[in-house]
Amino acid sequence: MNMDLSRRSFMKLAGAGVAATSIGALGFGEAEAAEIAHVRPFKLATTTETRQTCPYCSVACGIIIYSKGDVRKGDKAEVVHIEGDVDHPTNRGTLCPKGAALKDFVKSPTRLLYPMHRKPGSDKFERMSWDEALDRIARLMKDDRDANLLLKNEKGLDVNRWTTTGMLAASATSNETAWATFKFAKSIGMVGFDNQARV
Amino acid sequence: MTNAWTDIKNTDLVVVMGGNAAEAHPCGFKWVTEAKAHRGAKLIVVDPRYTRTASVSDFYAPIRQGSDIAFLNGVMKYCIDNGKVQWDYMKAFTNAAFIVKDGFGYKDGLFTGYNEEKRDYDRSTWDYVIGEDGFAVTDPTLEHPRCVWNLLKEHLAPYTPELVEQVCGTPKEKFLKVAEMIAECSSPTKTMTSMYALGWTQHSKGSQNIRAMAMLQLILGNMGVRGGGMNALRGHSNIQGLTDLGLMSHLLTGYLTMPSEKDTDFETYMSTRQFKPLRPGQTSYWQNYRKFMVSFQKAMWGDAATAENGWAFNYLPKLDVPAYDILRMFELMNNGKVNGYLCQGFNPILAFPNRAKITSSLSKLKFMVTMDPLETETSRFWENHGDFNDVDTASIKTEVFQLPTTCFAEEDGSLTNSGRWLQWHWQASSPPGEAKHDSWIVAQIFLRMRELYRKEGGAFPDPILNLTWDYEDENEPTAEELAKEINGRALSDLMDPTDPTKVLVAAGKQVVNFSQLKDDGSTMSGCWIYSGCWNEQGNNMGRRDNHDPDETGAYLGWTFAWPLNRRTLYNRASADINGKPWDPSRKLLEWDGAKWTGYDIPDISPTAKPQDVGPFIMNQEGVSRLFARGMMRDGPFPAHMEPFESPVENVFNRKMRGNPVARVFASDAAQLGTSAEFPYAATSYRLTEHFHYWTKHNRVNSALQPEFFVEISEELAAEKKIEHGGWVRVWSKRGSVKAKAVVTKRIRPLICDGKPVHIVGIPLHWGFTGSAKKGFGPNSLAAFVGDANIETPESKAFLVNIEPSTAPKDKEVNV
């Protein structure tokens with residue numbers, strides 16, 4: 001849940017303001033003003049807070065992601081901190097050793113950035129454009145389906161079964177992605193279609 | 001889970017068996033701590049290893065992996081022999097009184113009807129006697145010798161504490177202590193919860209492990225009550241969601257099932273699915289199957305699905321086998337019968353058993369596509385990494401596409417947790433580089449294929465050309481659009497059944513939940529059990545009211561739970577036959593004379609009279625099943641079976657290997673080892689610092705657990721002259737790995753069938769990509785056989801040998 005100014009960040013901003021003005025009001029003068037000026041503001045105060053859930057196990061702990069920039073406003077947003085959501089009934093703000101290090105997953109040095117292609121027999125990946133990769137995948141799939149879709153069984157019954165290309169779906173994707181994936185896989189007649197639940 | 005994580009605080013006894021929640025589900029396990037601290041609950045752990053869950057338990061009992069049924073049957077027998085049964089619950093809410101057909105029996109480890117050649121049972125005798133009125137015959141006095149209760153007692157008779165010790169290696173006095181603690185929960189005011197995970201599922205009889213505990217819970221009256229239930233702690237964040245949505249070979253959405261070749265048309269398909277009640281007045285909710293199925297077909301194919309064409313039934317592929325499960329697909333692949341494979345967020349080279357076979361299979365593909373936010377071993381299966389991936393790169397002709405996807409932080413959507421809560425999350429950051437949402441990638445492949453079919457024609461293009469894809473931007477359906485489609489809407493005005501002049505739901509509006517779905521094509525819904533998730537009230541999955549009236553742990557205002565926001569399944573069973581809560585201090589529902597009231601959404605019609613309608617509304621019987629009829633391939637009662645690779649013989653039938661009806665492909669049978677060659681019983685597991693093969697990409701987690709190791713006992717280490725921290729080689733009939741040895745008191749040898757059994761523990765988090773040191777996984781060693789009912793591989797029990805060794809070698813790189 002993105003909030004222009006969440007309760008939490010409002011408190012943080014308000015707190016910082018109160019401290020500054022009350023110290024000033026006490027009349028400590030320029031030395032104190034200089035002291036205040038070099039105190040770094042709380043770094044989360046100006047970040048965007050987003051309600052999220054941990055993507056690892058099925059406890060699905062609530063987390064809050066703090067980002068620089070707000071994707072809702074069209075900004076390029078970058079995660080700067082992740083912590084447990086104290087409002088969440090299950091984890092009440094706590095996280096395990098995996099959840100506590102979630103930022104490392106988002107910013108892992110081995111995150112994939114570009115579509116890559118390995119030619120048959122090659123010992124390396126080479127960059128490929130999305131268009132080229134997707135066109136080629138669609139062509140390979142259609143050709144295989146056209147060649148191998150079993151339309152009827154020996155009794156003449158429509159079976160429309162495609163066994164020569166299969167898919168494993170990801171049980172860390174959202175329900176919504178899963179539904180789009182389901183529609184795609186079942187409509188093309190793919191039967192070798194499973195997810196981690198089987199394993 | 002039948003209950004929620006937050007409900008565990010209501011329990012009196014937690015039994016962790018087949019799982020290790022403190023390490024694998026740490027923040028959920030905190031509710032066990034809560035129950036211990038505030039209710040005085042006790043924790044029992046039964047596991048081959050003294051895990052971190054065991055370290056905070058009140059009682060720990062060791063067990064040999066793969067012998068859980070013998071243990072649980074032993075506990076059931078103990079409870080029945082000692083009168084520790086919640087009699088009123090068991091009599092009213094189970095099929096104990098149902099009379100079973102003559103002919104059904106069990107002898108020498110096998111049920112009636114076994115055909116060795118087919119490796120299958122003729123299950124025709126595994127059923128009830130049906131009376132002339134069409135209903136099952138019962139004897140509520142439980143005196144009939146053929147009633148389920150008496151057959152169950154007979155079946156359990158051999159499972160004495162002595163037999164449990166012989167089979168499981170659990171010392172008799174420890175078993176009895178566990179049985180005694182569990183038996184206390186037969187009181188209507190004491191509840192036990194079962195928390196299990198892959199320690200129970202990854203066996204060739206995994207489904208029966210779970211069934212055994214479910215039966216025990218029914219005998220004790222612990223299903224449907226606060227602090228009770230069967231709580232499967234699912235592995236991934238949305239493994240529940242993907243199962244619910246039917247992303248499996250044999251499923252459609254909401255546990256509707258894929259048609260087989262026997263289903264020649266829509267009506268034939270329906271005729272075996274609209275289950276009629278087997279007892280008078282029962283709900284048998286699947287009678288509504290047609291409404292959900294027609295609405296599903298309308299969600300898929302819209303106007304192309306009509307009454308005239310059987311709702312486009314022939315668009316669905318028909319199965320000729322129970323499922324093209326992952327084991328079958330890789331067997332086909334290894335035989336050169338699969339050309340293409342898409343791996344979305346999945347790393348089979350580390351996840352599936354017999355890695356050598358997986359590598360060989362992938363090498364025979366023409367093309368493979370991976371979609372993942374991270375590097376995976378699978379996407380680089382062709383790359384040589386010395387001992388860590390010893391392949392001949394040039395000879396592998398598979399064309400590979402590695403597509404970068406977003407991760408959770410970069411997307412909107414919902415995940416279904418273990419407790420069936422659909423929780424919405426919001427995008428927080430921008431994707432790195434050119435990474436794209438999985439839904440975008442799937443849409444792109446689909447749209448490009450559709451375009452090719454439009455231009456060129458091809459094999460049966462109809463289901464592709466007519467698939468509904470009416471999203472505002474067809475290139476990227478939004479999470480909101482997809483969620484609304486899952487919920488379902490009216491396609492024409494739905495009239496109020498009590499007032500035909502009144503429009504209940506106008507055409508185009510979201511249905512409130514699945515109770516409004518129709519079988520005449522006037523509604524659509526992608527997944528009926530999720531209906532209600534995004535209706536005209538808005539996105540119920542995004543609700544964040546964390547109030548909990550009377551602190552029951554229900555949190556009805558927090559997100560959305562399927563079905564109908566219900567938090568505890570079978571919750572009508574929390575009250576007695578007259579609708580009074582068994583335990584007034586733990587009320588969930590109560591009959592007020594006219595309707596069900598309480599803290600949860602009733603799992604029964606709100607006005608169904610307690611004496612008339614049973615709590616298990618999905619079952620034709622209205623009650624739960626202690627006897628499963630022919631619904632499970634390997635028996636209506638759980639029976640002890642050894643793993644396919646076991647250090648000991650099956651004491652019920654010394655010639656029988658593994659599960660007698662589990663499918664084994666010929667090439668895999670040849671790769672099963674014996675205890676003479678491979679004397680040690682291996683098992684696999686997670687560590688708390690890692691999540692599968694993802695977190696080895698994280699620097700923090702890699703620093704916490706940097707290197708692959710195996711755990712062995714001091715006794716085995718002494719016998720094999722293995723040093724703590726030294727290198728060992730561990731090998732099975734299928735592969736070999738090298739690891740650091742952790743010599744520990746956490747694992748002890750067990751005495752099973754008169755001989756010592758040493759256990760080798762193998763964690764599963766290493767590969768050859770990421771920030772951690774390169775290593776191996778237990779899947780290099782595990783056997784390629786699956787559960788007889790669902791084909792989950794037997795990754796928790798296999799045989800290995802072990803010896804001191806030297807460090808593995810990486811590929812030498814010439815700089």
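Two residues are in contact if their C-beta atoms, placed from the backbone, lie within 7 Å. The exercises below use this idea on a predicted model.

**Exercise 1. Describe helix H4 of chain A: does its length agree with its number of residues or disagree, which of its residues are buried, and what covers them?**

Solution. Begin with the length: helix H4(A) takes in residues 130-148, and at 1.5 Å a residue its 19 residues should span 27 Å, which agrees with the 27 Å between its end C-alpha atoms. Next, list the buried residues of H4(A), which are Ala133(A), Leu134(A), Ile137(A), Ala138(A), Met141(A), Lys142(A) and Arg145(A). Seen down the helix axis, these buried residues fall within an arc of 155°, so they line one face of H4(A). Finally, look at what covers them: the cover includes strands E4 (116-118) and E8 of chain A, and from chain B it includes the strands E10, E11 (367-372) and E12 (399-404) together with helix H17.

**Exercise 2. Work out how chains A and B meet: how many residues are in contact, and which strands of the two chains pair?**

Solution. Start with the totals, which are 137 residues of chain B in contact with 106 residues of chain A. On the side of chain B that touches chain A, the largest share, ten residues, is supplied by helix H17(B), residues 438-456. Sorted by class, that side of chain B holds 70 nonpolar, 47 polar and 20 charged residues. Then turn to the strands, where E8 of chain A (residues 165-169) pairs with E10 of chain B (residues 340-344) in the parallel sense, over four bridges. Within this pairing, Leu168(A) has Cys343(B) of E10(B) opposite it.

**Exercise 3. Find which residues touch the most other members of the largest nonpolar core, and which element gives the most to it.**

Solution. The largest nonpolar core has 296 residues, and those that touch the most other members are Val14(B), Val75(B), Val148(B), Ile712(B), Val760(B) and Val800(B). The element that gives the most to this core is H17(B), with nine residues. To see one member in detail, take Val148(B), which, leaving aside residues up to four places away in sequence, touches Asn95(B), Ala96(B), Phe98(B), Val100(B), Leu626(B) and Phe627(B). As a general background to this step, nonpolar side chains tend to be buried together in soluble globular proteins.

**Exercise 4. Decide whether Asp412(B) is buried, partly exposed or exposed, and say which residues it touches.**

Solution. First place the residue: Asp412(B) lies in the loop between E12 and E13 of chain B. A residue is buried if 20 or more other C-beta atoms lie within 10 Å of its own, and exposed if 12 or fewer do. Asp412(B) has 19 such atoms within 10 Å, and therefore it is partly exposed. Apart from residues up to four places away in sequence, Asp412(B) touches His425(B), Trp426(B), Gln427(B) and Ala479(B).

Definitions and conventions
Residues are numbered from 1 along each chain as its sequence is written. Chains are lettered from A and ligands numbered from 1 in the order in which they are written. This is a predicted model: local features need pLDDT of at least 70, side-chain atom pairs count only at pLDDT 80 or more; totals for chains, interfaces and linings use all residues. Ala, Val, Leu, Ile, Met, Phe, Trp, Tyr, Cys and Pro count as nonpolar, Asp, Glu, Lys and Arg as charged, and the others, Gly among them, as polar. Two strands pair if DSSP finds at least two bridges between them. A nonpolar core is a set of buried Ala, Val, Leu, Ile, Met, Phe, Trp, Tyr and Cys residues joined through C-beta atoms within 7 Å. The expected span of a helix is 1.5 Å times one less than its number of residues. The arc is that of the directions from the helix axis to the C-beta atoms.
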